[in-house]
Amino acid sequence: MLARLRSWTDLARAWRAPLAALTLLSALAALGAAIYRDQTAQALILHAMDPAPRRVSDLALAQAQLHATALETRAGGPSAALRQRYEAFVAGIAALQDVEELPLLAALPRFRTTLDRLLAFQARIDDRLGRSLDLPAAIATEMPPDAVEEMLLLLPPLREPLAELAQSAIAAHRLDLVRRTRIVRTADRVGLLSAGLAVACALLLAAGLVARRRDEEPGARTDGEPAVPARRTAPIGPALLAASARDMAGPLHRIAGTFGLILEQPGLDPSQVQALRTARDAADDMLTTSRLLLDAAALARGRAVAAAQPFAADEALARGVRGLEERIAGMGGRVMLSRDPGVPPRWIGDGERLSALVRMLVLRCLPLRPGAALVVRLTRESGGLGVEVGDPAASVLPADAFEPVDLDEAWPGEDLVEGLATVGAYAEALGGRAVRLRAGAGRIETVRCLLPFAPAGEAGAEQPPRPAAATRALRVLAVDDVPTNRRLLAAMLERHGHVCDVAADAREALRMIRAASYDAVLMDVQMPTIDGVEATRMIRALPPPAGTVPVIAVTAHVLPEQRAGFLAAGMAAVIEKPVATADLLAALTAAVAHGGAPPAPFDDSREPLADAQTLALVRSTLTPTDFSRLVERQIGAGAAALARAEAAAARGDAAGFEEALRDLAGAYEGLGASRVATTVGAVLDRRADLEALRRVVTDTAAQLRRRRAEAPAR
């Protein structure tokens, strides 16, 4: 127990600055949650007294009573009672016209149509009574027979619209009450969580300060033992670093998502919005750091490999700062993207990881002073591509103004600037290095990362169009073992008119998919017992239409090789946590438009890999040397096209994926390799996956090389 206590105090001493920042952030979050909770509770009480459902229900009852009294009057009953019923019905119609006091009714889709029909009914009856709507109602005891007949003709068609309007008003009122109650409960949980986190961090920070003071005392003793010289422990390995980063990602995602959900609620004053945005941005920044640490550890251990694919440099820069422009503008600053003259627009390397590095570099430069400019610049270096973030004036400084980022300075008490440890580790994991501007050389801390990428020519890259939002209400199933994540996804979808059911694990999801029809399934990847990948394979084994429902991966693991694995398992798309509403709606629209995932496995083994007659005809027109070169050239073109298709699938580029597959089919078509073209068609029709296509291409290339070796000499 004593050893465990010492380890905790050592950890607190090593992380004093982050713990102090987290304590302050948690305290601010708890205060903001308490203020927000009081406002939402007051709004909940006021909403519970909303008179709209009662007024619609009273009007529906008045319609039934008026119709019954009209039947009695036609049968010989007194008309005075009918006149009273009619006046009460007219008063109910007038009560519905005050839309400003009844915002709940104004939001219902059938309210305006039903109100127009009620006003038309009133105008017809008033016309029969012979009085104007602009004059006060005349006191009369008789109801003209033609007015009675008109009522009996017009009242029955009003029964169903009024009943539906009443049901819709009651349902909307209850749904809004549930939503507001959930918001209050969420604010309570956020407040308790933030307060508990602040207390825990404060205690841990105090323990670290006490331990530091004890260690600084000369001749300090521990349990009566003589003092020993401080010993530097071994550095934390990539495995522990990756596990810690992964452990932080889940809670940070829930914190960021919860603050984002609260920010979308109405009624917040500017100070509350600012506090909540600050807390959400801090959680997002920590989540970005944890992702880069996890990826750096995976690269260092060989569990991930940096891609070597063509990418557009300008697009990679824009992707790195996407979503940060509003935040930078709110500080009074601005960000500038530039590319030095002579830097090619396209490079061979890992464009996705370059964007992640740029984002981390930009984050570590925040906040900016009002009026400050932050430059994100691409440079051509002797060893490859350079990316610089910081002072715009740093571009004219000599190379000796920069110094290497030394990770040994990251120990507590050293002077390494915050954020540079992660940047330096990530740049090294990508095979490059990071340098920083020497102190006093610039107005803004400037960092330049040098990456071993190679130019890929001068051709520009055309960005695929982003899919539009869904035009109809979808029924979606969200599968996640964390309740907060399920609530966040459901709230995002329901706010845009979709219906979202939730499941806590794969078994419950399979049961619900068998019992009901869904337009799409949002699948968490990391779940206990049965993970999201295995659950998707189980869904694909179901008979249609259940087995063809589009499955979209919702995960924080979005590296290119991970995306490729998800798509190979039968998932239609991948969206990144924390989930942005725009990305979620776009992925849903694209998945539903293209249908479900691949159904039964594709098998066309009876078709030959290459047509012998076509190959013989091509061979007869060329010399053996030219024929051999043609075969190798087409096999190489096919391999490049397959690599482009896999990269497009990993980043969700449907247009690029289809174009690369058609290039692959064209590369082999001239050699009579019909099975490649057939398998490409099956992949485009979602009857086969990339793994099956890769096997066919490999087998075809091997057979073509054997046929080339068999070519007779001329």
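Me: Is V683 buried or exposed?
Reply: A residue is called buried under 20% relative accessible area, exposed over 50%, and partly exposed in between, with a 1.4 Å probe and protein chains only. The areas come from the Shrake-Rupley method, and for residues only the protein chains shown count as cover. V683 is buried, because its relative accessibility is 7%. Keep in mind that this is a predicted model, in which local features need pLDDT of at least 70 and side-chain atom pairs count only at pLDDT 80 or more, while totals for chains, interfaces and linings use all residues. Residues are numbered from 1 along each chain as its sequence is written, and side-chain values use heavy atoms, with hydrogens and water left out.

Me: In which helix is V683 found?
Reply: Helices here are DSSP runs of H or I with at least four residues, strands are runs of E with at least two, and both are numbered from the N terminus. V683 sits in helix α23, residues 674-684.

Me: How many salt bridges does a search of the whole structure find?
Reply: Side chains of opposite charge can pair when their charged atoms come close. The criterion is a side-chain nitrogen of Lys or Arg within 4 Å of a carboxyl oxygen of Asp or Glu. By that rule the search gives 20 salt bridges.

Me: How far apart are the closest N and O atoms of R128 and D146?
Reply: They are 4.0 Å apart, and the two residues form a salt bridge. R128 belongs to helix α6 (residues 111-129) and D146 to helix α7 (residues 145-154), so the pair ties together parts 18 residues apart in sequence. R128 is partly exposed at 37% relative accessible area, and D146 is also partly exposed, at 36%. A network of salt bridges links R124, R128, D146 and E150.

Me: Which side chain meets that of E403 in a salt bridge?
Reply: That of R436, with an N to O distance of 3.2 Å. This pair links distant parts of the chain, 33 residues apart: E403 is in strand β6 (residues 402-404) and R436 in strand β7 (residues 433-437). R436 counts as buried because its relative accessible area is 8%.

Me: What does E632 form with R705?
Reply: A salt bridge, with the closest N and O atoms 3.0 Å apart. E632 lies in helix α21 (residues 624-650) and R705 in helix α24 (residues 690-709), so parts 73 residues apart in sequence are tied together. E632 is partly exposed at 30% relative accessibility, and R705 is partly exposed at 35%. Helix α24 also holds A702.

Me: Which residues form the positive surface patch?
Reply: Lys and Arg count as positive and Asp and Glu as negative, while His and the chain ends are not counted. A patch takes residues with over 30% relative accessible area and no salt bridge, joining like charges within 9 Å and nonpolar side chains (Val, Leu, Ile, Met, Phe, Trp, Tyr) within 5 Å. A charge is placed at NZ of Lys, CZ of Arg, CG of Asp or CD of Glu. Here R182, R185, R189 and R487 form a positive patch. Helix α8 (residues 156-216) gives the most to it, with three residues. R182 is in helix α8 and is partly exposed at 48% relative accessibility.

Me: How many residues has the largest nonpolar core?
Reply: A nonpolar core is a set of buried Ala, Val, Leu, Ile, Met, Phe, Trp, Tyr and Cys residues joined through side-chain atoms within 4.5 Å. The largest has 43 residues, and L354, V362 and C449 have the most contacts inside it. Elements that each supply at least two residues include α10 (270-300), α13 (351-364) and β4 (373-381). Helix α13 gives the most to this core, with seven residues.

Me: What is the phi of T529?
Reply: Most residues other than glycine have a negative phi, and most peptide bonds are trans. T529 is not a glycine, yet its phi is positive, about 70 degrees. T529 lies in the loop between β12 (520-524) and α17 and is exposed, with a relative accessible area of 70%.

Me: Which peptide bond joins P544 and P545, cis or trans?
Reply: A cis peptide bond, with omega about 5 degrees. P545 is in the loop between α17 and β13 (551-555).

Methods
Accessible areas come from the Shrake-Rupley method with a 1.4 Å probe; for residues, only the protein chains shown count as cover.
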